Amino acid sequence: MAPRYVAAVDQGTTSSRCMLFDAQGNVAGVARKEHRQIFPRPGWVEHDPLEIWANVQEVIAGALRQAGAGPGEVAALGITNQRETAVVWEKASGRPIANAVVWQDTRTDQLIRRLGGEAGQDRFRSRCGLPLATYFSGPKIRWLLDQTPGARARAERGELLFGTIDAWLIWNLVGAHITDVTNASRTMLMNLATLAWDEALAEAIGVPLAMAPAIRASAEIYGEARGVLAGVPVAAALGDQQAALFGQTCFSPGEAKCTYGTGNFLLVNTGERPATSANGLLTTVAYQVAGQAAVYALEGSIAVTGALVQWLRDNLGLIGSAMEIEGLALSVEDNGGCYIVPAFAGLFAPYWRSDARGVIAGLTGYVTKGHLARAVLEAAAWQTREIADAMAADAGAPLTALKVDGGMTANSLLMQFQADVLGVPVIRPAITETTALGAAYAAGLATGFWPDLAALRAQWRQDAQWRPAMDPAAREREFRQWKKAVERTFGWAD
């Protein structure tokens, strides 16, 4: 039987998912499973790589069952992943030497300050496009080597391997040590101009390149899968936000999307040359199709948006499920003067302040749990507004519309408020799980399931649109209040 589907594994911060897509980009099967969030100390966040790998195998089998399909009906598998989470494992046994250090983790804060020295957080930006921050994976790998007895000597002997989650999954699926350009561009170890590991960066950060995976294109056949999908080509890997950009078919310079997940991530395609930001954004690789030039992007990364809804549910117990927040927020007319800035692990773009910590500002006796719920949703929109402003300043022109995706886009109150504070239309596609779709598109492109980018673009369909309705004077007044709240987060952590 000819292949009818392309599979995508979406290995995210809180769960692993497998989705099967048909030739029209429709979902034919899906399975999802959460994994544990491990918090050994304040500011530390870990995952168990073996648990993740077991869950990935389980959801692949589950998606096949739901679609009533076997491996012979799957043309290719694409992988998308939480990007900066770092894993170190033994080459001989394939066993991790420690838990994965998650992108949100702040344990490398002191190391980051030492690496910056007098040059500060921009010491390596001209080579890798990134500021020195706890966010990125290179310093996490250095920390694991320094803190795990005997690890550095073993790494220098070639006994240990490192990778982001894509490399960990490819290793287990295919038996090859491979990453793609988008994930490599988030390590602080890859040179943006050459798309190769940079020896000077690796030496300065303290990571032996003997541990490093081979860097390949995002859409390229890496090998054949073993196990549940035996014989199926593993043909794509993209960091989750780049995959969403690809799934939203933002293939032309100037096209942008924002994904609402654990955090928010706004990316704009800048074409075949890396663009430098003067306003706190990251320069990153957007994607590369095998045999073609790499495409770059500017990115604004926000650490906590959807995670703030989880905090309201799990830590405060004000809602029983994430879906309940919209109803609670609609029980009041506004935020009651209350603003929540969720700097749980510092602030990412455009501030890059690892010393920031979260605040609830403007509390009075009038504020209820409804106002808190509304402030939680508004925090996602205001943080996105700050990124949009930074992008407009870098580009010299404002956004004219914003394509959105991810779980929080089901919240109409949030989407309307987002349009209000941006002052532009917010557009949701018919398939909001564009991260998995992007990985599937890239894998299908690499194997000929889809012929070209134009065919993928033709499949994009709009589901909903929200237009701004807020008075501009009110918008700017509330934005000034938000900025005051943000300033209160600075300098909290020593």
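How do the residues of the lining of the largest pocket divide into nonpolar, polar and charged? They divide into 11 nonpolar, 18 polar and 11 charged, where Ala, Val, Leu, Ile, Met, Phe, Trp, Tyr, Cys and Pro count as nonpolar, Asp, Glu, Lys and Arg as charged, and the others, Gly among them, as polar. This is a predicted model, in which local features need pLDDT of at least 70 and side-chain atom pairs count only at pLDDT 80 or more, while totals for chains, interfaces and linings use all residues. Residues are numbered from 1 along each chain as its sequence is written, and side-chain values use heavy atoms, with hydrogens and water left out.

A pocket is an open set of points on a 1 Å grid over the protein atoms alone, where a 1.4 Å probe fits, with protein on both sides within 12 Å along at least five of seven lines; lining residues have an atom within 4 Å of a point. A volume is the space filled by probe spheres set on the points, which are joined across faces, edges and corners.

| Pocket | Volume | Share of lining from α10 |
|---|---|---|
| Largest | about 1100 Å³ | four residues |

Nearest the centre of the largest pocket lie Tyr 260, Gly 261, Thr 262, Gly 407 and Met 408.

Six strands form an open sheet of mixed pairing in the order β3-β2-β1-β5-β14-β13, strands being DSSP runs (E, at least two residues) and helices likewise (H or I, at least four), numbered from the N terminus; two strands pair if DSSP finds at least two bridges between them. β3 and β13 each have a single partner strand, so one side of each is left without a neighbour in the sheet.
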